[in-house]
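Colleague: I have the model open. Can we go through a few parts of it together?
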Amino acid sequence: MTKQVDFLVIGSGIGGLSYALKVAEHGTVCVVTKSNKDESNTKYAQGGIAAVMYSPDSFEKHVADTLDAGAGLCDEAVVRMVITESTERIRELVDWGVKFDKKSSGEYDLAKEGGHSENRILHYKDITGLEIERALLDQLHAHPNIELLDHHFTIDIITQHHLGFEVNSRTPDVECFGAYILNLKTDKVETVLAKTTLMATGGAGHAYATTTNPTIATGDGVAMVYRAKGKIANMEFFQFHPTSLYHPGEYPSFLISEAVRGFGGILKTQDNKEFMQRYDERGSLAPRDIVARAIDNELKMRGEDFVWLDCTHLDLDDFIRHFPNIYRKCISLDIDVSKDYIPVVPAAHYMCGGIAVDTDGRSSIRQLYAVGECSCTGLHGANRLASNSLLEAVVYSHRASLHAIRAVTHTSWKAGIPAWDAEGTAHPEEMILMTQSLKEVQAIMSNYVGIVRSDLRLRRAFDRLEILYKENEALYQETTVSPRLCELRNLINVAYIIIKQAMSRKESIGLHYTIDYRKKASPVNN
């Protein structure tokens, strides 16, 4: 089956959905998502979205905080662009029906998070992402030009390679003509031809053994663009959230929002001593890379599995009002936050690198855009400032939509694209091969490419991953495609890029901390 659309959107988070709503007035739109329509990294964003709304906050303060968190590797022009456009994009979300919390005065109830000098986080309780998804999906379902295909897994984007031409990293003008997509309801691979394609597939937390990301976060977009010879940047900067709930056996890990520390929560060692002041004058409100590294260091020195987050001094009613979901989770585990400390530990959380794009969201592949966590815009630099991610997604989806709307007027569907060829493949007889390979990838990344790295660890990770890559590629060539097989393939690709770019960066900076090098700054691409 072949489908033709003007705008193909891969992913259904804030970036993909807001983009779809904007381009829908100018052509046919197909949004594909591999799970339920609302399953995305956006849905699990607890804290909120950062934007300058009132004085004494200012664009300059937000810019300064972002540059400071990014450790000198942010693109300052991009930072200024995103932040100065933030207020308008927030108003747009509100117009679409997003209900951010307000004070009795009618002003927004702005929260403060690590690395921010002012209260500027708009939120809805502690389920901001879920509220944004709700509002955007309501708008999407009401639009006649948008088709939403859930349980459709995108295998690869279509380029000249699929027409028989050799495509490599030096090939000029690689073009995207659409994608091959596995319909999970029929087990058939469909060809979707598109004049423009947007990649909005989220992150890759499941490259690690412990992550706060939903199970869909397997790096699909980055891996697809990498295989298509697109440019990928800054993948060595993988952010570990300092405070996931320590609850062995739960996967993914439950996130204890940064906003809890902004609300007054204090990190303590198991002997009830504060420790963050020894690492940063901002204490528990230091940027995430500093806090995660500090916790990691304390755990290794003490031989312990978690640290405490003390919220017992906070007003319980206010805590419940701001964090009802976190409160319910803690109560379900017999943790009374008014009396008990919350056990927390760092977990893989956010991919600061990704598909390299310009200020219009254009990748190095023609007709292909990327927004959100799967992209690399230059906003985050070496470390993302809390709650800048949703802002980045909504600003870049707007800018990408404007460019794509112009592009479709002089772009045609590509003729002669072959149907998916499954000849010579068969269903796997031993699923244990994929299960074990996934465990090995996650163990390699967690043990050798985590919060603290070294040349020896990275080389060992590279050598072991190379074996897994060869084994899985051989399996892929002879096996009927499935989400498990493709996600494993994607995670191996993403892990390889992270390791390769980490090996190329001969310095400690931001989220890339290695015991072998001192600090200096330079960009790293694949």
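Modeller: Terms first: helices (H or I, at least four residues) and strands (E, at least two) are DSSP runs, numbered from the N terminus. This is a predicted model, where local features need pLDDT of at least 70, side-chain atom pairs count only at pLDDT 80 or more, and totals for chains, interfaces and linings use all residues. Residues are numbered from 1 along each chain as its sequence is written, and side-chain values use heavy atoms, with hydrogens and water left out.

Colleague: Which element gives the most to the lining of the largest pocket?

Modeller: α13, with 8 residues. Elements that give two or more residues to that lining are β6 (152-158), α6, α13 (455-478) and α14 (483-504).

Colleague: And how do the lining residues divide?

Modeller: Into 20 nonpolar, 13 polar and 11 charged. Ala, Val, Leu, Ile, Met, Phe, Trp, Tyr, Cys and Pro count as nonpolar, Asp, Glu, Lys and Arg as charged, and the others, Gly among them, as polar.

Colleague: Sheets now. What is the strand order in the open sheet of 3 strands?

Modeller: β9-β14-β16, with mixed pairing; two strands pair if DSSP finds at least two bridges between them. β9 (232-233) and β16 (375-376) are the edge strands with a single partner each, so one side of each has no neighbour in the sheet.

Colleague: How many bridges do β9 and β14 pair over?

Modeller: 2, in the antiparallel sense, with β14 covering residues 354-356. Ile-232 is opposite Ile-355 in β14.

Colleague: What about β12, which residue there is the bridge partner of Ile-266?

Modeller: Asp-310. Strands β11 (residues 266-268) and β12 (residues 307-310) run antiparallel, joined by 3 bridges.
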